[in-house]
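Please look over the points below alongside the sequence and the coordinates.

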Amino acid sequence: MHVLVVEDDAVLADGLSRVLGGHGMVVEVVGDGARADALLQRAGGAEVVVLDIGLPGIDGFDVVRRLRARGSLVPVLLLTARDAVEDRVRGLELGADDYLVKPFATAELVARLRALARRNTPKPTVLALGELALDLTARRARVRGNPVELSAREWAVLEYLLQHGARVVSKQQIIEAILPWGDDLTLNAVEVYISRLRLKIADAGVSIRTIRGFGYMLESAAARGADD
Ligand code: CA
């Protein structure tokens with residue numbers, strides 16, 4: 001998880017950087033609002049922002065306002081002073097998602113950042129490739145618009161392959177992905193599910209390619225054509 005920390009108190013910023021880094025987060029620290037604003041305009045920037053309100057130059061309120069004015073949905077957690085109720089209200093009204101009052105427990109900050117990042121992860125409702133579509137909400141598989149019956153495990157294997165697009169997945173990865181249904185799966189069982197799926201999606205313009213000695217990947221007819 002990539003976190004942008006905007007904090008002009010160098011000691012606090014350094015502490016946050018070390019704590020969040022220790023929790024496996026990639027942390028970038030800036031000490032003023034203008035640099036934060038510039039960084040947040042970069043594509044593929046932070047997944048979540050920790051934002052102090054009192055900053056030199058552009059303050060935290062302005063950073064949030066500019067961010068939301070650009071249509072960005074990146075979650076923002078404000079750091080506010082004790083007794084600054086109006087600040088918190090104003091920050092939330094401008095589009096911040098959460099706040100913590102200084103001083104705060106770092107464990108709480110970590111938990112809240114993780115919750116914010118999770119909330120912001122869009123969950124696709126339909127996975128599709130070629131003429132194959134899995135509607136995850138209705139739990140329905142379709143090939144060329146026609147419903148296809150899949151067992152729970154076939155569904156799980158196909159969903160996993162679709163989630164990985166054109167990347168190769170190993171048989172072991174597939175087993176781990178569908179383990180909630182049982183712990184006795186063998187590599188051979190995966191081969192059986194794959195061969196059944198191949199028959200069921202034969203008309204979809206999508207094939208499950210075997211990568212010998214490793215695993216499988218989904219390939220659309222269009223991609224195959226482009227390779228030739
Ligand atoms: Ca400050």
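1. Glutamate 7 sits in the loop that runs between strand 1 (2-6) and helix 1 (10-22). The model is predicted. Glutamate 7 has a relative accessible area of 2%, so this residue counts as buried, the cut-off being under 20%.

2. Two polar partners of the glutamate 7 side chain deserve a check. A polar atom of that side chain lies 2.9 Å from the backbone nitrogen of aspartate 9. The side chains of glutamate 7 and lysine 102 are joined by a polar contact of 3.2 Å.

3. Apart from neighbours within four places in sequence, the residues in contact with glutamate 7 are Leu12, Ala13, Val30, Gly31, Asp52, Leu55, Leu79 and Lys102.

4. Asp52 also belongs to the calcium site: the protein donors are Asp8 (OD), Asp52 (OD) and Gly54 (O), at 2.1 to 2.3 Å from the ion. Along the chain these donors are spaced as D-x43-D-x1-G.

5. Is aspartate 52 buried or exposed? Aspartate 52 is buried, because its relative accessible area is 6% and the limit is under 20%. Glycine 54, at 47% relative accessibility, is partly exposed.

6. Helix 6 (residues 152-163) is a separate item. From first C-alpha to last, its 12 residues reach 16 Å, close to the 16 Å expected at 1.5 Å a residue. Helix 6 is mostly covered, with 10 of its 12 residues buried; among them are Arg153, Glu154, Trp155 and Glu159. Glycine 165 follows helix 6 and has a positive phi, near 50°.

Terms used:
Residues numbered from 1 in each chain as written. Predicted model: local features only at pLDDT ≥ 70, side-chain atom pairs only at ≥ 80, totals over all residues. Heavy atoms only, no water. Helix = DSSP H or I, 4+ residues; strand = E, 2+ residues; numbered from the N terminus. Expected span 1.5 Å × (residues − 1). Buried < 20%, exposed > 50% of the residue type's maximum accessible area, 1.4 Å probe, protein only. Polar contact = N/O pair within 3.5 Å; in protein donor to acceptor, adjacent residues only side chain to side chain. Contact = heavy atoms within 4.5 Å. Donors = N, O, S within 2.8 Å, 3.2 Å for Na, K, Ca; no water.
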